[in-house]
Amino acid sequence: MSADARMTAQSAHAARWLMLWLGLLWAIGGHAAGFEVLSASTRLEGGVYRLNARIEYRFSNAALDALQNGVPLTVDIEMEVRRRRSWLWDETVYALTQRFQLEYHTLSRQYLVGNLNSGERRGFPTQTAALGFMGRIQDFPLLDRSLLTENERYEGALRVLLDIESLPAPLRLLAYLSDDWRLASEWRVWPL
Amino acid sequence: MAALIRQMARGQGRLPALTLLGLLLIILVLMGRAATDLARFGQMYSGLLLLSAVGLGALAVLILYNLAVLIRLYRRRVPGARLTLRLAGVFAVLAITPVALVYGFSLHFLQRGIDSWFNVQVDRGLGDALELSRTALDLRMREVLKQTGRVAEAVADSDDEQAARRLDEWLDLGEGSELTLFGLGGRIIATATTDPTLIVPDPPPEAVLLQVRQGRDYVGLEPIGGAGFHIRAVVRTATPSGEERLLQALFPVTDRLSLLADAVQGAFDSYKELIFLRAPLKTMFTLTLSLVLLLAVLAAFWAAFHTARQLVRPLRELAEGTQAVAAGQFDQQLPGGGGGDELGFLVQSFNEMTRNLAQARDAARRGQELVESQRAYLETVLARLSSGVLTLDQAGRLQTCNAAASQILGVDLRSLIGADRQRIVAAQPVLQDLIEAVGPQLNATGDWRQEIAWFGGAGRRILLCRGSSLPDTVGLRGGHVIVFDDITHLVRAERDAAWGEVARRLAHEIKNPLTPIQLAAERIRHKYLKQFDDEQGRVLERGTHTIIQQVQAMKEMVDAFNEYARPPRLQLAPLELNEFVTEVLYLYRDYPAGVEIKLELAQEPLSINADKVRLRQLLHNLVKNAIEAIRDGHGSTLWIGTGRAHVVGADCVELSVRDDGPGFPDAILANAFEPYVTTKPKGTGLGLAIVKKIVEEHGGWIQLESPPNGGARIAIRLPLLRDGAGSPAVPAAPLHTEKEAG
C-alpha cells in the first residue's frame with residue numbers, strides 16, 4: 001500500500017468519524033425533547049375568534065417510558081389574549097387553559113387522549129395518531145369579539161407545557177429537577 | 001425577622017420556636033401521608049416539600065445563629081459560655097446518636113420494604129391475566145370482524161337507500177350497537193344504531209381509515225368514556241360500480257367481560273406504575289424520612305441549646321454576680337431565686353450574702369465618714385487655734401502640725417511631716433536649739449511644761465511649751481503632743497507695764513522733792529554767797545550750781561519717764577510717709593559734719609494712718625540714736641528708706657533706718673527696746689523703748705537687725721492705709737497696745 005493510499009484511507013476514516021459525530025449531533029439536536037407551537041392564528045367568524053394551531057410534541061424518552069408504564073401525562077395548552085400597551089407591559093384580558101391527558105391503555109394497546117375540559121376521550125392505535133390529535137386545534141372558539149374594546153391592539157398567545165403537578169407524587173420531585181420533564185414551548189404570539 | 005431570630009435564639013421566643021417545630025411536624029406527617037396515599041394527598045406533595053424546606057431552613061438559621069452567638073461568647077470568655085457550649089454539645093450528641101441509628105435502620109427497612117412489594121410471580125401472573133383477557137377479547141373481535149365482513153358483503157351491492165335498510169336489518173339480527181357505511185371522503189351513506197339519541201356516528205380515526213384503504217381490515221378494542229369497551233371493526237367493500245365504501249361496526253363487549261377486563265387492566269396498570277415508580281418512590285420515602293430526621297436533629301439541637309442555656313443561666317448569673325461582688329458591687333441581686341432546686345437555693349444564698357455585704361459595707365462607709373468628719377472637725381479646730389500644735393510619734397517623727405505652729409516657728413512644718421529629728425534639723429537648722437531644748441522632755445512620760453527662749457528667724461522668742469505623752473492605744477500608737485505659744489510679746493508687755501509703773505512712781509515720788517531741793521539750793525546760794533569770801537563763794541557757787549543742774553537733769557529724767565509711762569492719746573490722720581520723712585529730715589540737712597544722711601524713699605506714695613507728733617518723735621529718736629551710734633563707732637552714713645512690704649498676709653509700709661556704725665552687741669539685741677538698755681555712755685536708755693511704744697501704738701511692729709556687712713538696721717512696719725479705707729489693715733503679728741494703755 002502506497003503512502004498516498006494510506007493517507008486517503010486515513011482521511012476517509014476521519015471523514016467517516018466526522019460524519020458519524022455530525023449525525024449524532026443532528027440526532028440529538030433534531031430530536032431534543034420539547035414542545036413547539038408550529039403555527040397559531042385566529043380567524044374572525046360570526047363575531048367569534050376561532051383559533052387554529054399546530055403543536056408538535058416531542059416527549060423525552062423518560063416521559064415516554066413513564067407513559068408506557070401506565071403513568072398518564074397531562075399537557076396544558078395555555079391561551080391568552082393580551083392588550084398591547086405602549087408604556088406598560090401587556091395586559092392579559094383573557095386566559096384559558098385546555099388540558100389534555102395522554103395515557104396508554106395496555107389491554108387494548110391504545111393511546112387514549114382525554115380532554116379534561118370537556119371530558120371527551122378518544123383512543124388511537126398509535127402514539128403518533130394520538131399526538132397528532134392533541135397537536136391539532138381547529139376552529140377552537142377562543143373569544144367573543146364583543147368582549148374586546150374597539151381601537152385597541154390585541155394579540156393572541158399560545159404555549160404548551162407538561163403539567164408536572166399532575167404526575168404521581170414520587171415522580172414530581174425528579175420531574176422538577178430534570179430537564180427530561182420540564183417540557184414547555186415558547187409563547188407563540190400573533191396579532192388578533 | 002432578625003429580631004425574631006434573635007429573640008428566639010435567646011430562648012425568649014419559646015412559643016414561636018415550638019410553633020415552628022409543631023408546624024414542621026404536621027407538614028412532615030402530611031408528607032408521609034402523601035407518600036403513601038397518593039390519591040388523596042398527592043396534590044399537596046410539592047407544596048408540602050417546599051414548606052418543610054423553608055421551615056427547616058428557618059430552624060437551621062436559628063440554630064446556626066445560636067451557635068454563632070455561643071461561639072462568639074465563648075471566644076470573649078463570657079462566663080457560662082464554655083459550659084453552655086459543652087452542655088449543648090453533649091445534649092446534641094446524646095440526641096443525635098439514637099436518631100441516626102433509627103434513621104439508618106429505617107432507611108434499610110424502607111428499601112427492603114419497597115422491594116418486597118414486588119414479586120416476579122405476581123408480575124408474571126398479572127401479565128398472564130392481561131394476556132388471557134386479550135385472548136378472550138381477541139376471540140370476540142375475530143367474531144365481530146367476521147360478522148362485519150358478512151354485513152359488508154350483504155350491503156355491497158345495494159344502493160344508498162337499500163344499504164340503510166339492510167344495515168337496520170343486520171343490527172336487529174346481530175349484537176352490534178352501531179353500523180355505519182362511509183363513502184369516499186368519509187361521507188356517511190347510511191347508519192343504523194341502537195342508541196336513538198346518537199345523531200352523528202363516531203367516525204374511525206384517520207390511522208384506521210388509512211389502514212383499511214390499504215386493504216387491511218381493522219378490528220380494535222376501544223375503551224368507552226369512563227368504563228367498559230366496545231369493539232370497532234372497519235372493513236372495506238365496494239359497490240358493483242366499483243365505488244369504494246367502508247363499513248364500520250361497533251360492538252359492545254358484554255358487561256361481565258368488560259368489568260373483568262377493566263379490573264385486570266387496572267390492576268396491571270397500577271402494578272406496572274408501581275414498578276416504574278419504585279426508584280422515585282424510594283427517593284420520596286427517603287427524602288421524607290431524611291426530612292423527619294433533619295427535623296428531629298434540628299429540634300434536638302435547638303432543645304440542646306435551650307436546655308443548656310436554661311441550665312447555665314443561673315450559674316452564669318452567679319458567676320457574674322461573684323465578679324460584681326469581687327469588684328465591690330454589692331447591690332446586685334440575682335433573679336430567678338424562686339426555683340425550688342439546688343440552684344435556686346444557691347441563688348437565694350448568694351442574694352442574702354450580697355445583701356449582708358452591702359449592709360456591712362454601708363456601715364463601714366458610714367463609720368469612715370464619721371471618722372473623716374471628726375478628723376476634719378479636729379483639723380479645723382487645730383487650724384483655728386492660735387497655739388501651735390505638733391504631734392510626734394514614738395520615734396520622734398513629726399506626725400501632724402497646725403498652721404499656727406508653722407507661723408509661730410516661721411518654718412513650713414507641713415513639708416517636714418514624717419521627718420525625724422535629724423532630717424528636721426538638716427532642713428531647718430534654726431529649729432535645732434528648740435529641738436534640743438524639748439528633747440529631754442520627750443523621753444519622759446506624763447505632762448510637762450517649759451518656757452523656752454529660742455533664737456528664731458525673727459529674733460529671740462519665748463515659747464511656752466506644754467507637752468504630753470500620748471497613750472499607746474489603738475490608732476494613736478504612742479508619741480507626744482506638744483502645744484506651744486509665742487509668749488514673747490506677753491512677756492515684754494508685762495515687762496513694759498512694770499517699767500511704766502516704775503516710771504510713774506519715780507515721777508511721782510522723785511519729782512515732788514526735786515523742786516524744794518532746787519529752791520533750797522538756790523536760796524542757800526543767794527543767801528550765803530555774799531557772806532563768803534571768794535574762795536568759799538566759788539565752792540558754794542559750784543556746789544549749788546551742781547545741785548541745781550543735777551536736780552534739773554533729774555527733772556528731765558523724770559519727765560522722760562513720765563512721757564514713757566504716759567498712756568497714748570493718739571490723733572490719727574492719713575499721712576504720706578515719704579513726704580513726712582523728707583520734711584522731718586530737712587531739719588537735719590545742716591547736721592554737723594561727719595554723718596551723711598541718705599534717703600532711699602519708695603517711688604510710690606505710701607499712706608499710713610498716724611499721729612504726726614508721735615511719729616515725728618519716733619523719727620527724731622531713731623535718727624538721733626543712729627547718729628550717736630555712728631559717732632561713737634566712727635561710721636559715716638545713715639540710710640533712711642521707705643518701701644512696701646508684705647508680711648504675714650498683710651500689706652505694710654516699711655520704714656528702715658540703717659547705719660554703718662558698730663551695730664548692736666548680741667547681748668543687747670534681745671532687750672534693746674527695754675528701758676535703760678543702752679550702749680551709749682550718755683542717755684536715758686529710753687529712746688528705743690519710746691520708739692517701740694510709738695510703733696506699737698500705731699499697730700505696727702519693730703525689728704532690730706544686725707546686717708552681715710556690719711552696722712545696724714531698724715525696720716519698722718506700719719499698716720498701709722488702703723485707698724479710701726478708714727481703718728488700717730490689721731497685721732497678723734500679735735499686738736498688745738491696749739494692755740499697755742491699761
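Reader: Why does Gly410(B) count as partly exposed?

Author: In this predicted model, Gly410(B) has 15 C-beta neighbours inside 10 Å. A residue is buried at 20 or more and exposed at 12 or fewer, so with 15 neighbours Gly410(B) counts as partly exposed.

Reader: Where is Gly410(B) found, and what separates the C-alpha atoms of Gly410(B) and Leu431(B)?

Author: Gly410(B) belongs to the loop between helix 12 (403-409) and helix 13 (421-427) of chain B. Leu431(B) is 21 residues apart from Gly410(B) along the chain, and 9.8 Å separates their C-alpha atoms.

Reader: How do you know that strand 1 and strand 2 of chain A are joined?

Author: Pairing requires at least two bridges, and 11 bridges join strand 1 to strand 2 (residues 48-58) of chain A, so the two count as paired. They run antiparallel. Within this pairing, Ala40(A) stands opposite Ala53(A) of strand 2.

Reader: What makes strand 1 and strand 7 of chain A stand at the edges?

Author: The open sheet has 3 strands in the order 1-2-7, with antiparallel pairing. Strand 1 (34-45) and strand 7 (136-144) each have a single partner strand, so one side of each lacks a neighbour in the sheet. From one strand to the next, the twist averages 25°.

Reader: What makes up the side of chain B that touches chain A?

Author: In the contact between the chains, 33 residues of chain B meet 24 residues of chain A. Helix 9 of chain B gives the largest share of the chain B side, 7 residues. By class, that side has 20 nonpolar, 7 polar and 6 charged residues.

Key:
Residues are numbered from 1 along each chain as its sequence is written. Chains are lettered from A and ligands numbered from 1 in the order in which they are written. This is a predicted model: local features need pLDDT of at least 70, side-chain atom pairs count only at pLDDT 80 or more; totals for chains, interfaces and linings use all residues. Helices (H or I, at least four residues) and strands (E, at least two) are DSSP runs, numbered from the N terminus. Axes are lines fitted to C-alpha atoms, for helices over the stretch in contact, and angles run from 0 to 180 degrees between N-to-C directions. Two residues are in contact if their C-beta atoms, placed from the backbone, lie within 7 Å. Ala, Val, Leu, Ile, Met, Phe, Trp, Tyr, Cys and Pro count as nonpolar, Asp, Glu, Lys and Arg as charged, and the others, Gly among them, as polar.
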